[in-house]
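This report examines one protein chain for a reader new to structural description. Please keep the sequence and the model in view while reading.

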Amino acid sequence: MLFRSATTIRLDWGEGSTAKIPNKLSDLIPAGKYRSLFCDHGEAALVLRCGNDPALDNANVYYLIEGVKNNRDKSILENARAKEATVLCAIGDPRRFVEDLERFGVKPRRVKKRPDHDSRFESALARELRSGSPVVITEKDAVKVATKFLQSANLYIARQKVVVSEQIQQKIAYL
């Protein structure tokens, strides 16, 4: 099926002039860190620079942690023991997620990286929760686990917020 009147918006993480452009299959996830080849999206109508630190990045779109709470709606920042939690994530670039958590105030005691879309994520989470230590996961990972795990007071889910500059919102509205 061919999309008619579709507009391509490419998201670029601003690694600057040293950024590697994904041009071969080995650059793609799971082997590499990119989701698609540059040649597939080189002719974008709009290119948005992404970042996760408004103080440092010259970006149009920011990804920030808005809150980290358990099922009792308790913030991780209210629990001194939980501030040094195990981070368990099965996302494309866990490094950015960990950096976002640190900026939010969570000091990862350990980081357990799982493959993106990991079919064994729930069993890895069960092992971590059995240890009795606090565990932080992403919202994306939370939708993959059974309710019984989500009910654990030691499980904290990080809510991510996407902030798009007013200028870019206006540009998108007119595409």
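## Glutamate 122 and its surroundings

In this predicted model, glutamate 122 touches Lys144, Val145, Ala146 and Phe149, when residues up to four places away in sequence are not counted. Glutamate 122 belongs to helix α3, which covers residues 121-130. Between the C-alpha atoms of glutamate 122 and alanine 146 the separation is 7.8 Å, although the two residues stand 24 residues apart along the chain.

Lysine 144 lies over the face of phenylalanine 121, at 5.3 Å from the ring centre. As for pairs formed by two aromatic rings, the structure holds 0 of them.

Phenylalanine 121 is also one of the contacts of aspartate 141; the others, leaving aside neighbours within four places in sequence, are Leu88, Cys89, Ala90 and Ile91. Aspartate 141 is found in helix α4, residues 139-142. Its relative accessibility is 0%, and because buried means under 20%, aspartate 141 counts as buried.

## The overall chain

The secondary structure comprises 6 helices and 7 strands. Read from the N terminus, the elements follow the order β-α-β-β-β-α-β-α-β-α-α-β-α.

The chain has 175 residues, and 36% of them are buried. Its accessible surface comes to about 11,000 Å², with 51% of this belonging to carbon and sulfur atoms. Among contacts with a separation of 6 or more, 61% are between residues 24 or more positions apart.

## How strand β3 is paired

Strand β3 (residues 61-69) pairs with strand β2 (residues 46-51) in the parallel sense, over 2 bridges. Here cysteine 50 has valine 61, in β3, as its bridge partner.

With strand β7 (residues 155-164), β3 pairs in the antiparallel sense, and this pairing has 8 bridges. One of the residues involved is valine 68, whose bridge partner in β7 is alanine 158.

## The nonpolar cores

Which residues have the most contacts inside the largest nonpolar core? They are Val68, Ile76, Phe97, Leu101, Val136 and Ala158, in a core of 15 residues. Two or more residues of this core come from each of β3, β4 (86-89), α2 (94-104) and β7. The largest share, 3 residues, is given by α2.

Phenylalanine 97 is in contact with Ile65, Val87, Cys89, Ile91, Val136, Ile137, Thr138 and Ala158, once neighbours within four places in sequence are left aside. Another core, of 13 residues, lies apart from the largest one and includes Ala90, Ala124, Ala142 and Val145.

## Two residues with positive phi

Most residues other than glycine have a negative phi. Aspartate 73 has a phi near 60°, a positive value in a residue that is not glycine. Aspartate 73 is placed in the loop between β3 and β4. Its relative accessible area is 53%, and therefore aspartate 73 is classed as exposed.

Histidine 117 likewise has a positive phi, of about 60°, although it is not a glycine. Where does histidine 117 lie? Histidine 117 is in the loop between β5 (110-113) and α3. With a relative accessibility of 58%, histidine 117 counts as exposed, because the class covers values over 50%.

Key. Residues numbered from 1 in each chain as written. Predicted model: local features only at pLDDT ≥ 70, side-chain atom pairs only at ≥ 80, totals over all residues. Heavy atoms only, no water. Pairing = 2+ DSSP bridges. Helix = DSSP H or I, 4+ residues; strand = E, 2+ residues; numbered from the N terminus. Phe/Tyr/Trp six-rings, centres within 6.5 Å; stacked < 30°, edge-to-face > 60°. Lys NZ or Arg CZ within 6 Å of the ring centre and 35° of its normal. Core = buried A, V, L, I, M, F, W, Y, C linked by side-chain atoms within 4.5 Å. Buried < 20%, exposed > 50% of the residue type's maximum accessible area, 1.4 Å probe, protein only. Contact = heavy atoms within 4.5 Å. Areas by Shrake-Rupley, 256 points an atom, 1.4 Å probe, with all protein chains shown as cover.
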